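The numbered points below may be read alongside the sequence and the coordinates.

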Protein chains: 4
Amino acid sequence: MSIVLGPNQYGKAENRVVRITRDTARHEIVDLNVSTSLRGDFADAHVTGDQSKILPTDTQKNTAFIYAKKHGVSSPEDYALALAGRFLDAAPAATGARIEVEQYQWDRIPVGDTGHDHAFVRRGGDTRTTVVTVERPGHETTGERTTHVVSGLTDLVVLKSTGSEFKGYLKDEYTTLAETDDRILATSLVARWRHVGTDSDWNKSFESVRETLLEVFATTYSRALQETLHAMGQAVLERHSDIAEIRFSAPNKHHFLVDFSAFPDVENNGEVFIAADRPYGLIEATVLRDDVPAAPEAWLATPGFC
Amino acid sequence: MSIVLGPNQYGKAENRVVRITRDTARHEIVDLNVSTSLRGDFADAHVTGDQSKILPTDTQKNTAFIYAKKHGVSSPEDYALALAGRFLDAAPAATGARIEVEQYQWDRIPVGDTGHDHAFVRRGGDTRTTVVTVERPGHETTGERTTHVVSGLTDLVVLKSTGSEFKGYLKDEYTTLAETDDRILATSLVARWRHVGTDSDWNKSFESVRETLLEVFATTYSRALQETLHAMGQAVLERHSDIAEIRFSAPNKHHFLVDFSAFPDVENNGEVFIAADRPYGLIEATVLRDDVPAAPEAWLATPGFC
Amino acid sequence: MSIVLGPNQYGKAENRVVRITRDTARHEIVDLNVSTSLRGDFADAHVTGDQSKILPTDTQKNTAFIYAKKHGVSSPEDYALALAGRFLDAAPAATGARIEVEQYQWDRIPVGDTGHDHAFVRRGGDTRTTVVTVERPGHETTGERTTHVVSGLTDLVVLKSTGSEFKGYLKDEYTTLAETDDRILATSLVARWRHVGTDSDWNKSFESVRETLLEVFATTYSRALQETLHAMGQAVLERHSDIAEIRFSAPNKHHFLVDFSAFPDVENNGEVFIAADRPYGLIEATVLRDDVPAAPEAWLATPGFC
Amino acid sequence: MSIVLGPNQYGKAENRVVRITRDTARHEIVDLNVSTSLRGDFADAHVTGDQSKILPTDTQKNTAFIYAKKHGVSSPEDYALALAGRFLDAAPAATGARIEVEQYQWDRIPVGDTGHDHAFVRRGGDTRTTVVTVERPGHETTGERTTHVVSGLTDLVVLKSTGSEFKGYLKDEYTTLAETDDRILATSLVARWRHVGTDSDWNKSFESVRETLLEVFATTYSRALQETLHAMGQAVLERHSDIAEIRFSAPNKHHFLVDFSAFPDVENNGEVFIAADRPYGLIEATVLRDDVPAAPEAWLATPGFC
């Protein structure tokens, strides 16, 4: 028996890259939070303290900013693909690179018919995300690289004020929840979807998936958050042949009907709710095609595998 | 010399009141965070422990929810006025009530031409705020009440990618900042404005002030964040005769030009920035009419006077 | 009638200053979050955009770091006094400087009898705070300066599992709260206390006040959080003749007894509680000497007067 | 090809369970944040909306509170084991249960020699964590259950003011970082360690691991954060034969030496640093025994597998 180094990765997290395109008087802004990490043959850094194979996280940071200029950011996916490829070129010991990007959306400030040329207001709401991983069979090889592109969004807060029930569930001696035919259903959705290839129209695809998620959430009668998520995932896969898999993490943001029974002059027919913080139901689910190879788990995970 | 009780107040903070109007199939949603507090002759509760004059914070909570139904929420200002009045009626020892409301905005999920009837997506971005205070000369009196209505917003994140300079400032031996003719100017604006009376069209007024703030931010050349804020405040007061005063708290969200001088093949003509977290400049200013009586400071302050 | 500039201030917020003293092998660490601001004759910056009287926030930042070395940080109060004085010297247009400091505490990692010489673990728990304001009658004057020192702490989370009641309160038609003889009382205390002069032993004084707050909270039977706070404040003033005033902001962190009445085999005699997030009672109070002049409100307030 | 349901789980997150033991006048407090989830044959809930196999998250919440009384909380691990077992009994369709617990530490308020009987102050600093998973080969089976216990901590913030270098690393054309022989090394450590069996003395084991982590961090010269983590993990495994594996997620909390070169009268010999927020290096690593079977990845992961 011996004690050995297991899975490991390192990188620079949360580089706040803001790219202004100002080739004309009508500027464009791209606002990103970029996290990079490398995996590979880095045992020496851990075991003996020898850093000779380590491309510093500071260099990774520099590269993230430089690539915002040299390569540009037509989409977070395209930018992340370029950055991952660069790191495999620059770090011979690396067998894999993982780039995660969050994108914050800005709107032009409404002045005139087309909005202001160089003044923007941050949109708020959901954040677009991307995780790109590129692997090669061994370090310093010229073999073929394997690439996974996962697109997604976080903090898409949606709510239905009716059209949602929850009943017919399993009961045990500790069950006190009353069945309901009509409740508020609300969640702050995190969704991530994996593309089959690497040449989608990333921006168009993102908008289409987001629209599908919203539309199906709105128009589907809900017997449980699980059913709603499944319908949303199924629709996304049906409409996008280049998406192999979609995953959801959906907190059930409980809105409890306030009990007015003690007040004879006030009734509450589904009109006044208290929005609760904790605890919350948490529903997590995957919808996927059964004929597409699985992706390596670790590369899809959110940062912090510990 | 003796030790005495000084200023004090108590209430229930952050009641998350969600009001659905469902008189027709086309629902409306109002989503609020309501904080209430009372001031007055409550020394007994502090000094002897006698609670007989204290209207419990739990009752304040109940009332906040009940009034969302009984009075309704045509605007946060109108709802807060009703709630403050109620508390002065219900708590004879109170000489003042202060109601603070945050309102989160929701949009209909875009389905069909007019959006879905009962499915909503949270807008994100800035939050609308209101602080209403109602005072009376003494407790249990029938004397005239004094009312202040302060409307506002928080987290309005705006950015100009050009049209901003900073130069000609005072220098001492510790100054290293280089003057600049062209920089990114960005802030996450908090603004609060005090109305002269209590019968404005609150929703229309709010939209008009918000539009003015955005428009002036966009269209004014900036020699400093101070100048921009002043121009924004002046325009608000010029366009709204019922507003006596406006206050700003504006962190200068620094976007530093990334230094590419070490990399011969990359240049940075105002195109790549790093968005910094801390430290940040913080500019706070008031613009007001010189012929309007001042409001009592404490009632305008954000909660937590300590 | 005209529109004019009202109260305003500007500065650099949240400078994260870490000062290591390494004159011997046994290092010391002081870990601060420093916010500076200036008031005075700065109307030109707002109204005409002329920055010639403005000492940039970037210079304020530099000075905060430089003074951590040149002056040192024997206590946050002493450091803040030096910094405020410096800014009045450096910015002739300033009539006042306000320095706010948060201090994070570190312990030596326990190795051997006296802890490690240069390895530390952050203590967590409450944060020590200071607000120092220095004013002069007019700018560029040599007149006498007025100084206020406010010390404090935030996030001191305390809880009593018995010895707390709440009953005998005012009831109206919306009251549903049941009276109780025995409940959990818990708060996350913010306290700030104003010193009479400027030559206290700041570190010793802070420890003594903190101990008093804890001891009185523990040993006083509570008929309401108000009564507990008052007793704590009274004790602080009785034991510290150099303290003129103390202010509290105390959220009532509700711990609700979980209702087990539906489960015949489980009882709950004050043993199982749910810690709630929102809403929460919020009690704010001041205890002060009646023979000490009041301090100017605005200078004592937390940042963000808007 | 068809579209199918993939991995899924559901449960109640962040139940804030506070358990007071008051059998004598000397109370004890246990303060937990409990998240539960179930996996298994729950496809009907997703695909057809049939909830008949679903034990509601509300029932899971009730059970978490009831078990704090019925079973008690001698340690978070022991409590989580009981809770996981209960859910497999109560939900026949479940093939696995995962319980995650955070424990917040409280100290007695120092009054007298032994601290107060029923007044406590929250310790702050790091949080103890546990993840317990119990699986069975199929649902409704009586077959043997497989159990994994992972203990851990988060937010252990440690810093060395010397004894840390970083040099000899790989350089490319985008590298600008200067090598250093002496820097501040600081991290906010997350660590999780997996036990071989299920009958350790959980509290004693936790204290011992925590002490080992601190001691090795303090006493090991660091050529990189990677080397320090590896040494910490190796020591934990050497001293604890019942621990199979330990994982770290360690942000490199950068403390940059402030550049005083522009100020002739001030020097900075490793004495004044700015603590930076973002970006930060992020080092993640595993140290494990090579003769112990791996645990299923998904069950060890933090919540939110999406």
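1. How many bridges join β7(C) to strand β8 of chain C, and do they run parallel or antiparallel? Bearing in mind that this is a predicted model, the answer is that nine bridges join β7(C) to β8(C), residues 146–160, and that these strands run antiparallel. Within this pairing, C:T127 stands opposite C:T154 of β8(C).

2. Strand β7(C) also pairs with β4(C), residues 94–104, through eight bridges, and here too the strands run antiparallel. One of the paired positions is C:E100, whose bridge partner in β7(C) is C:V131.

3. Leaving aside residues up to four places away in sequence, C:V158 touches C:A186, C:T187, C:L189, C:L214 and C:F217, together with D:I109, D:A119, D:F120 and D:V121 from chain D. As a general background to this point, nonpolar side chains tend to be buried together in soluble globular proteins.

4. The contact between chains C and B takes 82 residues from chain C and 83 residues from chain B. Several elements of chain C each supply at least two residues to the side that touches chain B, including the strands β1 (3–13), β2 (15–21) and β9 (185–195) and the helices α2 (57–70) and α5 (225–239). The element that gives the most to this side is β1(C), with eleven residues. Sorted by class, the side of chain C that touches chain B has 35 nonpolar, 26 polar and 21 charged residues.

5. As an example of a paired position, B:I3 has C:R289 as its bridge partner in β13(C).

6. Chain C can be superposed on chain A by a rotation of 180° with 0.0 Å of shift along its axis, at an RMSD of 0.0 Å. The two copies are therefore related as by a two-fold rotation axis. Among the residues of chain C, C:D277 comes closest to the rotation axis, its C-alpha lying at 3.4 Å. The same surface serves both copies, as 100% of the contact residues of chain C recur in chain A.

Technical notes. Residues numbered from 1 in each chain as written. Chains lettered and ligands numbered in written order. Predicted model: local features only at pLDDT ≥ 70, side-chain atom pairs only at ≥ 80, totals over all residues. Contact = placed C-beta atoms within 7 Å. Helix = DSSP H or I, 4+ residues; strand = E, 2+ residues; numbered from the N terminus. Nonpolar A, V, L, I, M, F, W, Y, C, P; charged D, E, K, R; others polar. Pairing = 2+ DSSP bridges. Least-squares fit on C-alpha atoms with pLDDT ≥ 70 in both.
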